[in-house]
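Trainee: Please take one part of this model and go through it closely. After that, carry on to the other parts that deserve a look.

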Amino acid sequence: MHILIVNDDGPPSAHSSPYVHSLVRGLQAAGHTVSVCLPHTQRSWIGKAHMIGQTVKPLYYRPPPASSPPAGLTTALVPSSDSSDSSSEKPEQTVNVTDHGSVHPRPSTVPGTEEWILVDGTPASCVQIGLYHFFQDRGPVDLVVSGPNYGRNTTAVFALSSGTLGGALEAAVCKRRAIALSYAFFNRNHDPAIITKASRQSVRVIEALWRQWPTDGSVDLYSVNVPLLEGLEEGKVLYTPMLQNYWGAGSCFEEVEGSVDGEEVDEERIREGGGADAETGDGGGLDVGGKRDGRGGGLHTHKHFKWSPRFTDVYKSVEEAPPGNDGWAVKEGHTSVTPLKANFWNTAENLHGKELQLPPLETPSATKTESTTLPIRNPTTTDSKDHLYALIDYQDAYVQPLILSAIEKLLPSSSYTLLPSPFTPENKEPEIHLSSLVPSTDAKTLQITPYETIDFDHALSHPTTTLINSYIIRKALIRKHFLSSTVENWVAKHPTSALKTHVKRAEAFEVDYAEFLDDSLVEAFDLRASLEKNDQLIAEGKEKEVEWWILKPSMSDRGQGIRLFSTMEELQSIFDGWEVESDDEEDEDEDDDDASTAGGEATTQKDDDNDSDAGGNGINTSHLRHFIAQPYIHPPLLLPELQNRKFHIRVYVLAIGALKVYVYKDMLALFAGVPYTSPTTTTTSSEEEEAAELDLSAHLTNTCLQTCLSPNATENSVHRFWDLPFLSPTHFPPAKAENIWDQICEVTGELFEAAARGMMIHFQPMEQAFEVYGLDFLVDADGSGGNTAWLLEVNAFPDFKQTGELKGVVGGFWEGVVREAVGGFVGVGKEGGVEDEKMRLVREVDLGRRW
């Protein structure tokens with residue numbers, strides 16, 4: 001056949017179009033002539049539209065040669081190059097895909113060059129241009145295949161907006177047979193072996209449908225959905241009707257007041273169920289002046305909107321519908337085939353429920369030994385819907401037994417079952433599918449694991465029976481430049497907020513290269529004015545009066561990259577030094593990639609979301625972009641009885657649902673390794689300058705930096721906060737401790753409300769989740785109004801190991817977490833109805849999100 005391929009995901013790309021080249025290769029290997037005409041960029045959710053009033057211009061894409069793996073994937077399987085293997089079929093090995101083809105403004109003049117057409121139009125436009133304006137030398141097009149789409153197109157809600165369906169419909173109204181092909185993925189790790197099987201399955205389905213196409217005109221096109229599962233070739237290929245479903249109440253657009261970084265909600269996050277209200281089912285909307293819409297009298301309120309579809313509506317409709325529809329088939333691991341007319345009607349209903357007969361599968365020898373079967377949901381076997389199935393593996397030897405102890409202490413042993421952990425020493429980030437671990441879809445499920453392994457898809461599709469230990473989106477709190485914007489926006493609207501007097505003003509800026517630092521600070525007015533004033537003070541010999549600033553990379557943790565500066569020259573030298581280090585280490589990093597990845601340091605999500613222990617005060621070069629600078633808090637509160645060492649307070653916080661915020665009273669005081677010295681201390685010789693650089697240990701109180709920056713650090717650097725009045729009764733009396741505690745509670749509650757109400761795109765609490773955070777505060781020396789507790793940062797998945805020998809603090813905190821979060825989920829009441837006095841509820845925000 002001569003097959004025309006179009007899609008709505010654009011040319012091969014690991015981010016948006018990973019499957020198309022693999023399918024083209026499969027069809028070519030089956031002997032078909034394949035022509036390709038694609039949009040030049042992502043065109044999802046555009047249906048069967050055309051761009052009216054614009055001239056459509058082509059580009060020319062040349063895929064990598066046949067000797068290279070398919071473009072678009074990050075890894076691929078290729079025959080092993082092991083010369084010692086004398087078998088006719090060599091084993092396969094996984095390689096990284098580096099050649100993703102090239103795009104050219106003019107067509108090739110070399111005969112035989114494989115070349116695809118890219119147009120700045122829609123999938124439907126690609127069909128028109130591919131059918132009538134290119135490829136005529138190859139003969140008439142027999143079949144148009146639109147896809148494979150990056151994500152499923154089951155049910156009416158998805159299909160009616162799908163650009164993939166739109167391309168196939170355009171072909172159908174051009175009187176061409178058409179198939180809309182979509183791949184339904186269940187996780188973000190696209191195994192190249194599974195993609196190869198999906199392409200092979202798709203070729204077999206396409207050929208079978210072509211041979212069995214009804215001749216009575218009852219079918220114009222088919223919508224095919226292939227599940228990306230290990231056993232997909234062993235599953236059935238079922239003719240199914242399309243499930244008729246609808247959006248729930250509320251808008252699919254989120255009202256916003258503008259983005260912190262100006263970025264649009266990216267298609268990749270939307271397709272993976274991360275829309276603003278994907279987990280809430282809420283239509284969103286900002287209150288403006290206390291009113292949701294307008295001011296009355298026919299006047300409108302100026303608003304911005306972002307596309308934010310609520311996928312839970314779709315998942316819920318599939319769960320509630322009877323078996324047999326396309327959504328059900330894919331959910332159960334089958335390939336669905338839905339016959340359609342080019343008028344959005346289901347047709348050929350006599351085929352519904354029957355199985356499409358495929359020729360016998362010629363399985364390569366490499367797959368004949370596979371024992372993995374297609375994951376099919378088991379019938380319900382639980383005796384009680386209230387029974388809890390808990391997957392608890394925090395991957396932290398320090399805290400894991402404390403969580404299990406809290407579960408055992410607070411929940412009746414007969415009320416829960418601990419699921420076996422899928423983690424192994426060889427696989428520390430397994431792909432977890434909760435649906436394959438629990439006995440039924442309505443079983444109550446608790447998952448407490450690292451962020452990267454949480455089954456968010458299951459939580460989104462089973463919101464009333466699932467509880468997970470993290471929200472999906474919370475960068476309004478955990479990324480420093482977002483945090484500063486959260487505070488700034490909230491204080492602008494609430495000038496009396498505690499955040500105004502407990503969070504230092506921040507100048508956020510971006511730097512790609514050190515040479516552009518000056519340009520990056522054009523709008524940092526306060527910072528520039530301060531540095532210019534400092535230059536003047538230094539010139540006048542008044543160094544002790546300069547205002548010091550602290551530089552923080554926004555996406556780093558564990559104190560990495562934090563520096564002090566008071567002049568532009570000092571700031572420039574910091575960035576110049578990082579750039580030199582980055583260049584020097586580039587070659588070394590190539591050799592160490594495998595080791596660093598295994599250790600977790602190369603994972604963006606880990607770097608962003610936790611403050612786990614690691615050594616050094618260097619900086620991961622991937623963090624060299626977003627920065628904030630804040631006035632340095634000097635002098636801090638110092639306690640002579642504890643060697644006048646600077647300390648900060650670590651506070652453990654629990655956020656539940658949408659939204660309750662608790663602060664745990666047992667806080668920690670984390671001390672620097674050496675006595676505090678003023679940053680105004682100057683040196684002259686190079687040796688003294690090197691020593692002064694080590695004096696960061698007097699300013700940075702992160703426990704992971706103690707041994708790195710100060711090998712002779714004083715022991716006992718971690719104390720209970722409430723022990724300080726006994727250790728330093730003169731300078732830290734109980735009344736001062738209580739005042740600081742009250743400040744921390746007020747600021748914490750205000751901060752979470754500011755993020756939840758003012759930064760709804762970047763902090764999205766979910767009813768089916770809870771999350772623990774570590775907040776850091778620094779207390780300044782006595783001022784005119786007493787001591788102030790200043791918020792420093794917020795860490796998700798905090799490093800509990802820094803508690804050291806004080807395990808009782810962490811154990812008590814997790815007992816509070818289980819009591820408040822898990823107890824409410826499973827209906828276990830508090831003993832005697834008594835509130836936990838150590839878990840203070842500091843804010844309850846009704847965001848209107850209910851299941």
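Mentor: In this predicted model, start with helix H10, which spans residues 400-410. Its buried residues are Gln400, Leu402, Ile403, Ala406 and Ile407. An α-helix has 3.6 residues a turn, so residues three or four places apart point the same way.

The loop between strand S28 (789-796) and H23 holds phenylalanine 797, which is not a glycine but has a positive phi of about 45 degrees. The relative accessible area of phenylalanine 797 is 10%, so this residue counts as buried, the limit being under 20%.

In soluble globular proteins, nonpolar side chains tend to be buried together. The largest nonpolar core here has 102 residues, and the members that touch the most others are Tyr773 and Trp814. The biggest contribution to this core comes from helix H22 (residues 734-758), with 11 residues. Another core lies apart from it; this one has 44 residues, including Ile194, Val224, Leu228 and Leu356.

Helix H22 also contains lysine 736. Is lysine 736 buried or exposed? Its relative accessible area is 16%, so it falls under the 20% limit and is buried. Setting aside neighbours within four places in sequence, the contacts of lysine 736 are Leu637, His731, Asp782 and Asn787. Glycine 786 is 50 residues from lysine 736 along the chain, yet their C-alpha atoms are separated by 9.0 Å.

Now take the open sheet of four strands, ordered S19-S22-S20-S21 and paired antiparallel. The edges are strand S19 (507-510) and strand S21 (563-565); each has a single partner strand, so one side of each has no neighbour in the sheet. Direction ignored, neighbouring strands in this sheet are turned by 30 degrees against each other on average. Strands of a sheet pair through backbone hydrogen bonds, either parallel or antiparallel. S19 and strand S22 (residues 626-631) run antiparallel and are joined by four bridges. Across from glutamate 507 stands alanine 629 of S22.

Two helices lie across this sheet. Helix H13 (residues 480-493) lies across S19, strand S20 (549-553) and S22, and runs at about 55 degrees to S22. Helix H16 (residues 525-539) lies across S19, S20, S21 and S22, running at about 140 degrees to S20.

Most of H1 is covered, with seven of its 10 residues buried. Those residues are Val20, His21, Ser22, Leu23, Val24, Arg25 and Leu27. The cover includes strands S1 (2-6), S2 (33-39), S7 (116-119), S8 (143-150) and S9 (177-184), together with helix H5 (192-211). Just after H1 comes glycine 31, with a positive phi of about 95 degrees.

Strand S8 holds proline 148, and the peptide bond from glycine 147 to proline 148 is cis, with omega near 0 degrees. The loop between S2 and strand S3 (58-62) holds tryptophan 45. Tryptophan 45 is not a glycine either, and its phi is positive, near 60 degrees. With a relative accessible area of 24%, tryptophan 45 is partly exposed, because this value lies between the 20% and 50% limits.

Leucine 659 sits in the loop between strand S23 (647-656) and strand S24 (660-664).

Last, a pair of helices. Two packed helices are described by the angle between their axes and the distance between the axes. For helix H2 (residues 123-132) and helix H4 (residues 163-173), the axes come within 7 Å and cross at roughly 35 degrees. The crossing of H2 and H4 is right-handed. H2 makes the contact with Pro123, Ala124, Val127 and Gln128, and H4 with Gly163, Gly166, Gly167, Glu170 and Ala171. Sorted by class, this contact of H2 with H4 has four nonpolar residues, four polar and one charged.

Methods:
Residues numbered from 1 in each chain as written. Predicted model: local features only at pLDDT ≥ 70, side-chain atom pairs only at ≥ 80, totals over all residues. Heavy atoms only, no water. Buried < 20%, exposed > 50% of the residue type's maximum accessible area, 1.4 Å probe, protein only. Pairing = 2+ DSSP bridges. Axes fitted to C-alpha atoms, helices over the stretch in contact; angles between N-to-C directions. Contact = heavy atoms within 4.5 Å. Core = buried A, V, L, I, M, F, W, Y, C linked by side-chain atoms within 4.5 Å. Left-handed = near helix turned anticlockwise from the far one by under 90°. Nonpolar A, V, L, I, M, F, W, Y, C, P; charged D, E, K, R; others polar.
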